[in-house]
Amino acid sequence: MRCCHGTRPFVVCLAAGRLEVEVFRQYIAQDVHFLRAFASAYEMAAEYADDDDEKTAILDLRKATLEELKLHDSVMKEWGVDPNKEITPNPATLKYTEFVLATAKGKVDGGKGPGQIATPFEKTKIAAYTIGAMTPCMRLYAHLGKELQMFLSHDGSDHPYKKWIEYYSSKSFEAEAVQIEELLDKLSVPLTGEELSLIEKLYLQAMKLETEFFSAQPIAQQSVVPLTKLNDPIEHLSIFSDFDLTCTIVDSSAILAEIAILTGAKVDQGVTDAKKISSDMRSSWDALSSKYTEEYEACIEGLLPKEEDKEFDYEHLYKSLEQLANFEKRANTRVVDSGMLRGVNLDDIKRAGEHLKLHDGCKDFFQKIVKKETLTVNLHILSYCWCADLIRSAFSSVGCLNELSIHSNEFNFEGSISTGEIDIKMQSPLDKVEAFTNVLNQNSGDKHLSVYIGDSVGDLLCLLKADVGIVVGSSGSLRRVGRQFGVTFVPLFPGVVAKQREGSRWRGLSGTLYMASNWSEIQAFVLGA
């Protein structure tokens, strides 16, 4: 499970060992309220369970929670907090604890309160609902413990929060997380589809409230995340993204080719001729695709230096990628000369764009970024896509087209029918970085920050020139080319922690790129939500 909680300011400062003591004290004091609520909820759930094994498992989890409370008491004493002093829960803490306790009392949508429970089976449902509302917290803490464990001895000195991290990264706590997950599975077996949907809603709500809890921890110290709320505030944020396979699941060239093939099959001829036209066009496209892949791989091999650069060398990389630029130009010329894209209707392209499937979290990221009112944010798409109308339609359906600048190629049309020609504006890494640089030159200054999100070798120059270059996807060729030219690839969370530890600002041409597993992780990093 990859969780975006890692790039929350509180977690980043904690992992870096730079979290202010008073902030940790407050966090521990708030977490005690969670544990007390969990202990009570376990007790109520055990009463509702009608199976001895289930009851025993719930009580075992309650016992573990009480042991965890003892740890918190000792940690609070170490950090100068009186465990007997009543600390007022903050609003985020109250929201989760009240949610868990309400669920344990049967106060859920579609559920019955204790006074309305008629059968033992209905009691079992409430036990399942309660465990469903508590499981995310257990899994999250086990996950965070493992994520933070790697930072315990980065410089040979003891981490100030070692005891806390070791507890949540321990095998025993992982066993507790597995135990509650297995218990939830068992309690869910007799439930109906509607009841299982209710548990899913409770689970997701619990995770949302847990996220809000971490976001609510007060951080006054300087943090390198989120980018929209830096302590050294920026006045202008430029976010650039590639389109094909960075935002989309399918490459746009394949989509446009499929539209062209289907268009060819609609020609007003006999059925046999229509089928033959479609078959011939598909064969032509398959041949073009195969040739592209074969020559692309050969081009990548040819541009790699014989020996890996010992240090990052942007100029060497730029010069070498001229070979890729020449290759892409030849490949596009072949497509145009084939006539493959002639006769495509603009309306078909727009419909395809409106239904284009984006990666999970991508749509949400762009929708939320355009709603930021406290910061000037410019959004740009830089793409090799042959037809910018496809991109426009895709983002029109997302609802942020008016806030987006699209830098791409265009089909030539006569009326609404394509001529087969492409108005080429961007077909190489060099074209992309030129467009990227031109935009940056319009928004230069100390209070400006640039972010580039990409997935391929074509994005490499922009990724490196941006203040923050974020790699998504699993392109082996991108990593291979980058490493040969001295580029370092770092998972986003460890990279952010290292940045926090150094106390340095985000700056381009450092030779370091950050790898994100999904758009949700990017969203937490940039927006903090």
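Two residues are taken to be in contact when heavy atoms of the pair lie within 4.5 Å. In the predicted model, among contacts between residues at least 6 apart in sequence, 77% join residues that are at least 24 apart. The secondary structure of the chain consists of 20 helices and 9 strands. The C-alpha trace spans about 80 × 60 × 45 Å along its principal axes.

Of the 529 residues of the chain, 54% count as buried. The chain carries 57 positive and 77 negative charges.

A search of the whole structure for cavities of 30 Å³ or more returned 5. The second largest cavity has a volume of about 100 Å³. Its lining is made up of Asp-31, Phe-34, Leu-35, Phe-38, Thr-65, Glu-68, Cys-137, Met-138, Tyr-141, Tyr-168 and Phe-173. Two or more of the lining residues come from each of the helices α2 (21-48), α3 (52-78) and α5 (120-149). The most is given by α2, with 4 residues.

One of the lining residues, Asp-31, is placed in helix α2. Asp-31 counts as buried because its relative accessibility is 2%, and the cut-off for buried residues is under 20%. When residues up to four places away in sequence are not counted, Asp-31 touches His-72, Tyr-141, Tyr-168 and Phe-213. Among these partners, Tyr-141 and Tyr-168 also belong to the lining of the second largest cavity. Asp-31 and Pro-89 are separated by 58 residues in sequence, while their C-alpha atoms are 9.0 Å apart in space.

Thr-93 is located in helix α4, which comprises residues 91-104. With a relative accessibility of 0%, Thr-93 also counts as buried. Leaving aside neighbours within four places in sequence, the contacts of Thr-93 are with Gln-30, His-33, Phe-34 and Phe-213. Of these partners, Phe-34 is one of the residues lining the second largest cavity. Phe-213 is in contact with Thr-93 and is likewise touched by Asp-31.

Conventions. Residues are numbered from 1 along each chain as its sequence is written. This is a predicted model: local features need pLDDT of at least 70, side-chain atom pairs count only at pLDDT 80 or more; totals for chains, interfaces and linings use all residues. Side-chain values use heavy atoms; hydrogens and water are left out. Buried means under 20% relative accessible area, exposed over 50%, partly exposed in between (1.4 Å probe, protein chains only). Lys and Arg count as positive and Asp and Glu as negative; His and the chain ends are not counted. The place of a charge is taken as NZ of Lys, CZ of Arg, CG of Asp or CD of Glu. On a 1 Å grid over the protein atoms alone, a cavity is a set of points where a 1.4 Å probe fits but cannot get out, and a pocket is an open set with protein on both sides within 12 Å along at least five of seven lines; lining residues have an atom within 4 Å of a point. Grid points are joined across faces, edges and corners, and a volume is the space filled by probe spheres set on the points.
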